[in-house]
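Keep the sequence and the model side by side while reading.

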Amino acid sequence: MPEHSSADPSSFAPVVIGAGPAGLTAAYQLHKHGVSSTILEADKVVGGISRTVERDGWRFDIGGHRFFTKVKPVEELWHEILPDEDFLMRPRKSRIYYQGKYYDYPLKAFNALGNLGILEAFRCVGSYAWARVRPPKDQNNYEGWLVARFGWRLYRTFFETYTEKVWGMKVADMPADWAAQRVKNLSLMNAITNAILPKRNQKDITSLIEEFQYPKLGPGMMWERCRDLVVAKGSTVAMNTRVEQVKHRDGKAIAVLARDADGHLVEHPCSHVVSSMPIPHLLKAMSPQPPAEVLAAADGLKFRDFLTVALVVPEASGFPDNWIYIHDPNVEVGRIQNFGSWSPYLVKDGRTCLGLEYFVDEGDRLWNSADEDLVAQGTRELAALGLSQPSDVESGYVVRMPKAYPIYDYTYKSNVDVLRGWLAEHASNVYPVGRNGMHKYNNQDHSMYTAMLSVENMLGASHDIWSVNVEEEYHEEAKG
Ligand SMILES: Cc1cc2nc3c(=O)[nH]c(=O)nc-3n(C[C@H](O)[C@H](O)[C@H](O)COP(=O)(O)OP(=O)(O)OC[C@H]3O[C@@H](n4cnc5c(N)ncnc54)[C@H](O)[C@@H]3O)c2cc1C
């Protein structure tokens, strides 16, 4: 925290939008300066994307949230919020399923060679050599960027189908600067070195770490506890309360208007606003409204949505991995979690729960499918992959998560710049934080860190929160 605060926190009346990791972290940090916040949360549970969903005593994680960070203040904060006995240290195991075979991930030399076969391995090396001689002309798109580093054959085996499942677009239509941020040190040579010397670089890159921390009852446990702590200190957390307007005047936000659980629009006067709601929604909620070109930039920001079909099966029908990437184009499922491998406290005796993850667009065919149809599809796809028999599936649940991924397309950067510029000029006491709050591919640690730094900025520091996580490689599905 800054040694000499230039602002007087006793006059602060902050409104925090969203009770996910970023919003709750901001409120928690503000209490260190004696400041209570009003936290407005649209949903009925805290934790945002990092929540734990509970149905009939089963607990699901949206994805699988590894607690791993290189940011020391975040690591310390996790342990300040949650007692050590509530953390588990979990071994990491994951594989890639492709053409009926399981490839260890991170790749291991013998396993990869055994699966590919000597002939295909030679073809891959030849294809790589060819790509070195004749690299794709256009490496500004992600496909060209990857092919230049791996050759066409390896690209098709390990990148193409999964990337297209996650993002719902052709790899060639994705900008390469996205890759340069996410997997910038990736190349065949690095992959081979890591495969031969598996201990090398461990803990440097999340995709290579062999163990991680995990709260016993899933990631939501951290945020439920954080909510309890801030409420005990005097903050209020209003659930089922969606922010609809942010009034501003003379370059500052003056009040936040939110629709409460009873449907009433309630005005909350504010000295500061910490916003983890999606930044395009924030700009569209500003009153008076920004000009048309700013609203157009807000409309230009896109998201990818996500749903999990959680199937309860006997423990013996599970698998030892935390998750398996499904590169097979014949099924729509993109990744399968075994929640029992994450924590025995998420599942019940003798049974486990497999979370089949589908990357979707809100309103598309899968998103709109009835839950029972999705459970039936998940059951069929599990059997098609040889992972378990339909008769093993005892019950199923569907969890939908809109706006799971901010999309990095060719225009997102310039759109974000337009929104930032407008906020700086017209509402300089509004602090966008977190993942969708900044339209940035932030994990929990960076989402939290932007909130921590924003609180310091309120007190007079001048951190550039937009530079947090510009060059980190470790993300939940950055792999290769
Ligand atoms: C599949 C998947 C796997 C992941 N794996 C990991 C991992 O292994 N490790 C890791 O650290 N991170 C992981 N993440 C990232 C992590 O989930 C996010 O970084 C984190 O949840 C972002 O926190 P946030 O507070 O910025 O946003 P969110 O979690 O999105 O929370 C924002 C909150 O704001 C609320 N809100 C939105 N609009 C409004 C409104 N108008 N009014 C009031 N409230 C509103 C939302 O309901 C939500 O509760 C993963 C994400 C996904 C999708």
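## Strands and sheet

Ile17 stands across from Leu40 in strand 2. Strand 1 (residues 14–17) and strand 2 pair in the parallel sense, over three bridges. Two strands count as paired if DSSP finds at least two bridges between them. Helices (H or I, at least four residues) and strands (E, at least two) are DSSP runs, numbered from the N terminus.

This is a predicted model: local features need pLDDT of at least 70, side-chain atom pairs count only at pLDDT 80 or more, and totals for chains, interfaces and linings use all residues. Residues are numbered from 1 along each chain as its sequence is written, and side-chain values use heavy atoms, with hydrogens and water left out.

An open sheet of five strands has the order 9-2-1-13-20, with parallel pairing. Its edge strands are strand 9 (236–238) and strand 20 (430–432), and each pairs on one side only. From one strand to the next, the twist averages 15°. Axes for such angles are lines fitted to C-alpha atoms, for helices over the stretch in contact; angles run from 0 to 180 degrees between N-to-C directions.

## The hairpin

Strand 3 and strand 4 run antiparallel, joined by four bridges. Glu54 stands opposite Arg59 in strand 4. Two residues lie between the strands of this hairpin, and Asp56 takes a positive phi near 50°. In a regular strand, side chains alternate between the two faces of the sheet. In strand 4 (residues 58–61), Trp58 and Phe60 point one way, Arg59 and Asp61 the other, and all are buried.

Buried means under 20% relative accessible area, exposed over 50%, and partly exposed in between (1.4 Å probe, protein chains only).

| Residue | Relative accessible area | Class |
|---|---|---|
| Phe122 | 60% | exposed |
| Ile49 | 22% | partly exposed |
| Ser388 | 4% | buried |

Phe122 lies in helix 3 (residues 109–133).

Ile49 sits in the loop between strand 2 (38–40) and strand 3 (52–55). Leaving out residues up to four places away in sequence, Ile49 touches Ile62, His65, Met401, Lys403, Ala404 and Arg435. Contact means heavy atoms within 4.5 Å. Ile49 and Asp61 are twelve residues apart along the chain, and their C-alpha atoms are separated by 8.7 Å.

Ser388 belongs to the loop between helix 13 (371–384) and strand 19 (395–406). Neighbours within four places in sequence aside, Ser388 is in contact with Val313, Ser317, Leu382 and Ala383.
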